Amino acid sequence: METPEWYDPARDEMLTPSRLRGLVHPVRMRLLRLLQQDGPATATGLAARIGQSSGVTSYHLRLLAQHGFVVEDTERGTGRDRWWRAVHRSTSFTFRMPEDPGDEQTVEQAEQYIRLAADALYQRMLGYVDTIAARRDELPSLPWQLSDWPLRLNHAEARELAKEVNALVAKYRREPGDPEPRPGTERAVFQFQLLPDE
């Protein structure tokens, strides 16, 4: 598999079917995403953000740590509060690693992971849609959009399109925690799916 330009193996993790163990759970996936996007946090702080108890988030953080997705951030810990940080700034998934094409069990786990990821993307879209009425006055000036484009591609063209889109979006990527965002900017998310139209 060709390594994408935006991918830094020291900072980004490319998951394969057998590497999903310990991650395929909606709470754990959400906790990992929050730590990757916003930087280190405590179980209590994360619990408030996802509407769970700190006991629940502590349990799932320990499981993520057992599988190498998060580590305790000892520089921030005070003895009373345990801080956690993501090991990698981003996590992607692929079936295209020759050494791990997946077997019956891991492909089933991968399917569950992709379903959870797709549901999270859908919930983000609905979250935006739910704000439209409150933004009525500013809607004409907002840049946000939801689009789909019917395409006809062979596999090589699909790979090239994905490569070009990823390279373009990588220029605007923000670092985890983003302590000093550029003035006049706001957080945004770019969701990209390239799928066969079945």
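This briefing describes strand pairing, helix packing and salt bridges in one structure. The model is predicted: local features require pLDDT of at least 70 and side-chain atom pairs count only at pLDDT 80 or more, whereas totals for chains, interfaces and linings use all residues. Residues are numbered from 1 along each chain as its sequence is written, and side-chain values use heavy atoms, with hydrogens and water left out. Helices (H or I, at least four residues) and strands (E, at least two) are DSSP runs numbered from the N terminus.

**Strands 1 and 5**

- Strand 1 (residues 12-15) and strand 5 run parallel and are joined by four bridges; two strands pair if DSSP finds at least two bridges between them.
- Within strand 5, Thr-91 is the bridge partner of Glu-13.
- Buried means under 20% relative accessible area, exposed means over 50%, and partly exposed lies in between, for a 1.4 Å probe and protein chains only.

- Three strands form an open sheet in the order 2-4-3, with antiparallel pairing.
- Strand 2 (41-42) and strand 3 stand at the edges with a single partner strand each, so one side of each has no neighbour in the sheet.
- Helix 1 packs on this sheet and touches strand 2, strand 3 and strand 4; the direction of helix 1 makes about 85° with that of strand 4. Contact means heavy atoms within 4.5 Å.
- Strand 3 and strand 4 run antiparallel and are joined by three bridges, and Glu-72 stands opposite Trp-84 in strand 4.

**Packing of helices 1 and 2**

- Helix 1 (residues 26-38) packs against helix 2 (residues 43-50) at an angle of about 110°, with the axes 11 Å apart. Helix 1 is thus roughly perpendicular to helix 2.
- Axes are lines fitted to C-alpha atoms, for helices over the stretch in contact, and angles run from 0 to 180 degrees between N-to-C directions. Angles under 35 degrees count as roughly parallel, over 145 as roughly antiparallel, 65 to 115 as roughly perpendicular, and the rest as oblique.
- The crossing of helix 1 and helix 2 is right-handed, that is, the near helix is turned clockwise from the far one by less than a right angle, anticlockwise being left-handed.
- From helix 1, Val-27, Arg-30, Leu-31, Leu-34, Leu-35 and Asp-38 meet Leu-46, Arg-49 and Ile-50 of helix 2.

**Salt bridges**

- The structure holds nine salt bridges, each defined as a side-chain nitrogen of Lys or Arg within 4 Å of a carboxyl oxygen of Asp or Glu.
- Arg-19 pairs with Glu-13, with the closest N and O atoms 2.8 Å apart. Arg-19 is partly exposed at 26% relative accessible area, whereas Glu-13 is buried at 9%.
- Glu-72 and Arg-82 form a salt bridge at 3.2 Å, N to O. Glu-72 lies in strand 3 (residues 70-72) and Arg-82 in the loop between strand 3 and strand 4 (83-86), so the pair ties together parts that are ten residues apart in sequence. Glu-72 is partly exposed at 34% relative accessibility, and Arg-82 is partly exposed at 41%.
- Arg-115 and Glu-111 form a salt bridge with their closest N and O atoms 3.0 Å apart. Both residues lie in helix 4 (residues 104-129), four residues apart, about one turn of the helix. Arg-115 is exposed at 59% relative accessible area, while Glu-111 is partly exposed at 41%.
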